[in-house]
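Please read the following notes alongside the sequence and the coordinates. They are set out as numbered points.

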Amino acid sequence: MGSYLLGIDLGGTKISAAVFDEGNNIIARARAKTRAKRDEENVFETIVKTGKEAVASAGLGPKDLLALGIGSPGPIDPDTGYIVDSVNIRFKNFPLGPRLSEEFGCPASVNNDVSAGTYGEFKAGAARGASHVLGIFVGTGIGGGLILNGSLYQGFSKNAGEVGHIIIKAGGPRCGCGNRGCLEALASRTAMTRRIKKAIRSGHKTLIRKLVDKKADVIPSSVLKEAYDAGDRVVMKVVNQAAHHIGVGIGSLVNLLGPEVVVLGGGVIHALGEEMMETIETITREVTFEITAKDLRITRAELGDDAGVTGAALLARESLRLVTSDAK
C-alpha cells in the first residue's frame, strides 16, 4: 500500500482529480468535462480516466495510492459508497465507491461533493480554526455542507446539508428534484440560464446572444461575468435576483444552525463573487437575528476548484483512520 491520496470532485459540469502527498500537498491534477447527460457507465469511465491521468501525471501508479476519496452530488450512502440518486447526473443506485476501489486497487470513500468542499475549506481554507461552519457552493446546482462541533455533520440519513433544496418560494419554479421553489431552482447557474433564455424569448436585448451558443444547456459562469461587467441589464438583474435568494436562504439557515462562518464557493461565486457577495451578505443580515449575526463571518472560499478534491482526499484519510481505530 502506498502513501499518496487521490481526491476526485464530480460535478455536473466538470470532473477534477488531484494527487496529494503525505503532507497533503497537491502534486498533480487532471480535469475533464462531465457531460452529465450521458449514461452512468460513460460518466464512470470519465471519472476513472481523469483519476488515472492525475496519478500518471504525478509519476505514480495505483500501487502508490493509500486511498481515494470522491465527492459526488447526492443523495448518497457513504457507508456503502453507492450513489442513491442524483439530480444533475444520471446515477441511480450506482456502486461508485466499490467500482472505484476495484479500478484503483485501494479503499475508496464517497461523500457529498459540497460536504467534501466544505470540509476542505474547514481543514485547509477559509474556515480554518472554526468549529461551526456552513458551506454553500453555487454552480450548475447548489449544494451545502455542515461542520458542527468540529466534525462533518451528515445527520441520521447521512445526507444532511442539502441546502439547495430548501424551499425559498412556495409554488415557485420546478426544481430538478421534483419540488417547486427550491433555492437551486431560483439561484443556481441552471436557474439563471432559464431566466435569461426566457428574457431573450420575450424580446429583451442581451449580450448573451453573442457570447454563447443559444443551444447551450447552461450558460458558463465566465460568460455571465463578461456580460455583467459589460453592464448587460438582463444578466445584472438575474444575477442580483439570485444573490437575493441566496441571502434569504443563508439567513434562514444561520438562524437555525448558528454557525461561526459561512463559506461561499462554486463556479458562480468564483466568477461573480465580487458582484454577488455584498447583496448576499446584506440580505443574510436582514433575515438573521441580530444576536446570531453579531460575530458571523461570511466569506468566499479560498481553495477555489481545489476545495472539493482536497476535502475528498482528507475525508478518505479520515475514513482510513476510523477503520483502523475500529479494528483496534
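**Notes on the predicted model**

1. Eight of the eight residues of β4 are buried, so this strand is largely enclosed by the rest of the structure. Buried means under 20% relative accessible area, exposed means over 50%, and partly exposed is in between, with a 1.4 Å probe and protein chains only. Strands (E, at least two residues) and helices (H or I, at least four) are DSSP runs, numbered from the N terminus.

2. On the basis of the values: this is a predicted model, in which local features need pLDDT of at least 70 and side-chain atom pairs count only at pLDDT 80 or more, while totals for chains, interfaces and linings use all residues. Residues are numbered from 1 along each chain as its sequence is written, and side-chain values use heavy atoms, with hydrogens and water left out.

3. Pairing of β4. Two strands pair if DSSP finds at least two bridges between them. β1 and β4 run parallel and are joined by six bridges; tyrosine 4 has leucine 65 in β4 as its bridge partner. β4 also pairs in the parallel sense with strand β7 (residues 108-112), over five bridges. There, leucine 68 stands opposite alanine 108 of β7.

4. Helix α1. This helix (residues 40-57) has 18 residues and reaches 26 Å from first C-alpha to last, close to the 26 Å expected at 1.5 Å a residue; the expected span is 1.5 Å times one less than the number of residues. Just after α1, glycine 59 takes a positive phi of about 75°.

5. What covers α1? Its buried residues include Phe44, Ile47, Val48 and Val55. The cover over the buried residues includes β1 (4-10), β2 (14-20), β3 (26-33), β4 (65-72) and α2 (96-104).

6. Charges over rings. The criterion is NZ of Lys or CZ of Arg within 6 Å of the ring centre and within 35 degrees of the ring normal. Arginine 99 lies over the face of phenylalanine 44, at 4.3 Å from the ring centre. The charged end of lysine 52 sits over the ring of phenylalanine 104, 5.9 Å from its centre.

7. Aromatic pairs. A search of the whole structure finds three. The rings of tyrosine 119 and phenylalanine 122 have centres 5.9 Å apart and planes at 55°, so this pair is tilted. Rings of Phe, Tyr and Trp (its six-membered ring) pair if their centres lie within 6.5 Å; planes under 30 degrees apart count as stacked, over 60 as edge-to-face and the rest as tilted. Both tyrosine 119 and phenylalanine 122 are buried, and both lie in helix α3 (residues 113-124), three residues apart, about one turn of the helix. Elsewhere, ring pairs link Phe44, Phe91 and Phe94 into a cluster.

8. The five-stranded sheet. This open sheet has the order β10-β9-β8-β11-β12, with mixed pairing. β10 (151-152) and β12 (297-300) stand at the edges, each with a single partner strand, so one side of each is left without a neighbour in the sheet. Strand β11 (residues 261-265) and β12 run parallel, joined by four bridges; valine 263 has threonine 299 in β12 as its bridge partner.

9. Asparagine 179. This residue is in the loop between β10 and α4 (183-187). At 42% relative accessibility, asparagine 179 counts as partly exposed. Leaving out residues up to four places away in sequence, asparagine 179 touches Ile167, Pro173 and Arg174, where contact means heavy atoms within 4.5 Å.
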